[in-house]
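Trainee: Please take one part of this model and go through it closely with me, stating each cut-off as you use it.

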Amino acid sequence: YIINGEIKNAPEVVKIIKDCVKSAKGHILGTRSVIASLPESQSYIKIINIPKNMADKVNHDFVEGIISQHFPVETAKSYFDWNFVDTDKIMIGVAPKNIIDSFTSVIEQANLIPLALEVESIAISRALLHNSDESEKNYKIIMDLGATRSSIIAIYHNNPILTLNIPLSGDGMTNEIVKSEKISFEKAEELKIQCGFDTKTCPVKIKKIMTTIINSSVKKIESGINYINRLLRIKIDKIYICGGVSLMAKLSGTLSEKLKIKFRHADPATKIVI
């Protein structure tokens, strides 16, 4: 119902949101206000340096005037927001109006109130990082591995400053097994989960497919890491992984071994106190 971040079947999305709200376990939800995450593929974020003598002149009109210089969008067809992240740096978020309007529409049709919308990488970094840890002073890298797309997020002072898409997805892996074995998507998904990247438990054919996928993905990930190292003048030695694909057996160990970088599972419950 949502393809590449675009809502293709609004009535079904509305129905699913209502069902989720009704079936939430624990206490009954005490608010109708919603903060929604925007798809990374349909939104943009960038930190821009501002001359110190211009800081007091930064306002809505100023930001609107520079958007076309930094983002591949038409200003008239986009919504944007911004805030200072340092005395001489502002973070700008931009997304197409048709995407924003479709998200707010389904939220409202589900009898909820859209309070705010934010870029996915901001939500991920806030959920996984502590304000008090070393990430406040140093760069940190998160790799989000999902069903339809994956990305590498470079974070500084707890703010995402760069996002790179990488061609690795759970559905893509499953579809490779479907094509090779001529079986249903559901059966292929089952095989993928059972096998993961544990070569000792994989059937020979599936092992070959998964090995090809990971080798191809490693090259793309390595290319992205090298780009970040050159651009930010850093040396990445640790990457935190999250998302459904990150739970596949032996994935973190396989990536660590092939890329000579420590891959660690990020803990989304790390900031939740019970």
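**The cysteines and their pairing**

Mentor: Cys20 is partly exposed, at a relative accessible area of 49%, where buried means under 20% relative accessible area, exposed over 50% and partly exposed in between, computed with a 1.4 Å probe on protein chains only. The model is a predicted one, in which local features need pLDDT of at least 70 and side-chain atom pairs count only at pLDDT 80 or more, while totals for chains, interfaces and linings use all residues. Residues are numbered from 1 along each chain as its sequence is written, and side-chain values use heavy atoms, with hydrogens and water left out.

Cys242, by contrast, counts as buried, with a relative accessibility of 13%. A disulfide is a covalent bond between the sulfur atoms of two cysteines, and the rule applied here takes it as a pair of cysteine sulfur atoms within 2.5 Å. The pair that meets this rule is Cys195 with Cys202, whose sulfur atoms lie 1.4 Å apart, and the count by this rule comes to one disulfide. On the side of accessibility, Cys195 is buried at 1% relative accessibility, and Cys202 is buried as well, with a relative accessible area of 11%.

Cys20, to return to the residue we began with, takes part in no disulfide, since the nearest cysteine sulfur, belonging to Cys242, is 20 Å away and the rule asks for sulfur atoms within 2.5 Å. Cys242 is likewise in no disulfide, and the cysteine sulfur nearest to it is that of Cys20, 20 Å away.
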